[in-house]
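Good morning, and thank you for coming.

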Amino acid sequence: MILAIETSCDDTCAAVVTRTGEIRSNVVSSQGVHSRFGGVVPEWASRHHLELVNPVVDQAMEGVDWEEIELVAVTQGPGLVGALLVGVATAKGLAAARRLPLAAVNHLQGHVAANFLGGFEPPFVCLVASGGHTFLARVEDHVGYETLGQTLDDAAGEAFDKGARLLGLGYPGGPALSKLAASGDSTAFKFPIAAKVAGLDFSFAGLKTALLYKVRDLGEAETERLKADLAASYEHAIVEALMLRVERALEAEHEPRLAIGGGVAANRLLRERAQSLGVPVHVPPHALCTDNAAMIASAARHVEPTPYPHYLALDAYATKRAA
Ligand code: ATP
Ligand code: FE
């Protein structure tokens, strides 16, 4: 079995997954402290990981014997470097104490690999849409992917979070905006979906600005009255912008198959749209879309592990790298 740890942002996560991809435990402890700041405060995230990581690992290990663990896996990057270092140091310590090998995993490959846990096997096109990244990938095997297109500015999750903030919905904004959108009319306002951006790249900055101007034009009282319609129209624009590129990517495939991943893949509208494309589509359960350690274990199954003690100098990295 594999014990995996994920601390790249504000969720402290640990999971135990078998070599064949059966999830024994998948524990996520979300740090509520960031909501009052309207975003993640990196230094606070690191400190909370430090407090939470051991109890979260203990909880993930409940009912599992340490003798059964043959590999420790950890997210090495990309993410907040201070937050990542807590996971990396913990994983090194746990692995070294038992002379176990360690697998360093790329967080984005983890979002892709969440789909392997559902038995969805490559090749497929994968849309990864999360808080920090949005890209389309061609997944040919279990170890990496080719990037087909990516966002030129904001990530889709960031667009949800910033939109939610403009509408006074708090943080994290994606789930809150989506919930409000369910009671609104998505045709009430027309927001841009950057259809003119050629190819498979995304752009969400114009959409965010369009909402900003709309809110300014409407004024406080009208914005409040039309909040659900604004949320529904804005959500619709984000999802359509994503689906436009997905459809373009699938058109170029001989045997089109689609998987989705990342926190935005938990979005109800996106899930429905993806599932009605008429091609084989895999949509992971919510808990495997937002940050979790089971997806890191899933990716780790296909990573060359580093034997003890060679991983003791392993470092975390903050920015995106090829998986
Ligand atoms: P990255 O993976 O790029 O490093 P991250 O790990 O912080 O970023 P995830 O946890 O994968 O991001 O996703 C979080 C994002 O998903 C947030 O922006 C959040 O608003 C968004 N999100 C979560 N649930 C939903 C939802 N139901 N609808 C829309 N967006 C959502
Ligand atoms: Fe993530």
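This is a predicted model: local features need pLDDT of at least 70, side-chain atom pairs count only at pLDDT 80 or more; totals for chains, interfaces and linings use all residues.

Let me begin with one residue: Lys227 is buried, because 20 other C-beta atoms lie within 10 Å of its own. A residue is called buried if 20 or more other C-beta atoms lie within 10 Å of its own, exposed if 12 or fewer, and partly exposed in between, with the C-beta atoms placed from the backbone. Residues are numbered from 1 along each chain as its sequence is written, and chains are lettered from A and ligands numbered from 1 in the order in which they are written.

Where does Lys227 sit? Its place is helix α7, residues 227–251. Helices (H or I, at least four residues) and strands (E, at least two) are DSSP runs, numbered from the N terminus. Once neighbours within four places in sequence are set aside, Lys227 is in contact with Leu167 and Leu180. Contact here means that the C-beta atoms of two residues, placed from the backbone, lie within 7 Å. Leu152, by comparison, is 75 residues from Lys227 in sequence and 28 Å from it in space, C-alpha to C-alpha.

Let us now turn to the chain as a whole. The domain assignment gives domain 1, residues 2–112 + 291–313, and domain 2, residues 120–289. These bounds come from an automatic or database domain assignment. The C-alpha centres of the two domains lie 27 Å apart. Between them, 14 residues of domain 1 are in contact with 18 residues of domain 2. On the side of domain 1 that touches domain 2, the elements giving two or more residues are α3 (107–113) and α10 (294–300). Of these, α3 gives the most, with four residues. By class, that side has five nonpolar, nine polar and no charged residues. For this count, Ala, Val, Leu, Ile, Met, Phe, Trp, Tyr, Cys and Pro are nonpolar, Asp, Glu, Lys and Arg are charged, and the others, Gly among them, are polar.

Next, the sheets. In general, strands of a sheet pair through backbone hydrogen bonds, either parallel or antiparallel. Here, two strands are said to pair if DSSP finds at least two bridges between them. One open sheet has five strands in the order β3-β2-β1-β4-β5, with mixed pairing. Its edge strands are β3 (23–30) and β5 (102–106), each of which pairs on one side only. From one strand to the next, the twist averages 20 degrees. Strands β1 (residues 2–6) and β4 (residues 71–77) run parallel and are joined by four bridges. Within this pair, Ile5 has Val74 in β4 as its bridge partner.

Two helices accompany this sheet. Helix α1 (residues 42–60) lies across β1, β2 and β3, at about 20 degrees to β2. Helix α2 (residues 81–97) packs on the sheet and touches β1, β4 and β5; its direction makes about 160 degrees with that of β4. Such angles run from 0 to 180 degrees between N-to-C directions, and the axes are lines fitted to C-alpha atoms, for helices over the stretch in contact.

There is also an open sheet of five strands in the order β8-β7-β6-β9-β10, again with mixed pairing. Its edge strands are β8 (146–150) and β10 (281–282), each pairing on one side only.

Finally, I come to the annotated positions.

His111 lies in helix α3 and is buried, with 32 other C-beta atoms within 10 Å. Beyond four places in sequence, its contacts include Val128, Ser130 and Met295. Asp291 is found in the loop between α9 (286–289) and α10, and it counts as buried because it has 27 C-beta neighbours inside 10 Å. Among the residues that Asp291 touches, beyond four places in sequence, are Glu6, Ser8 and Cys9.
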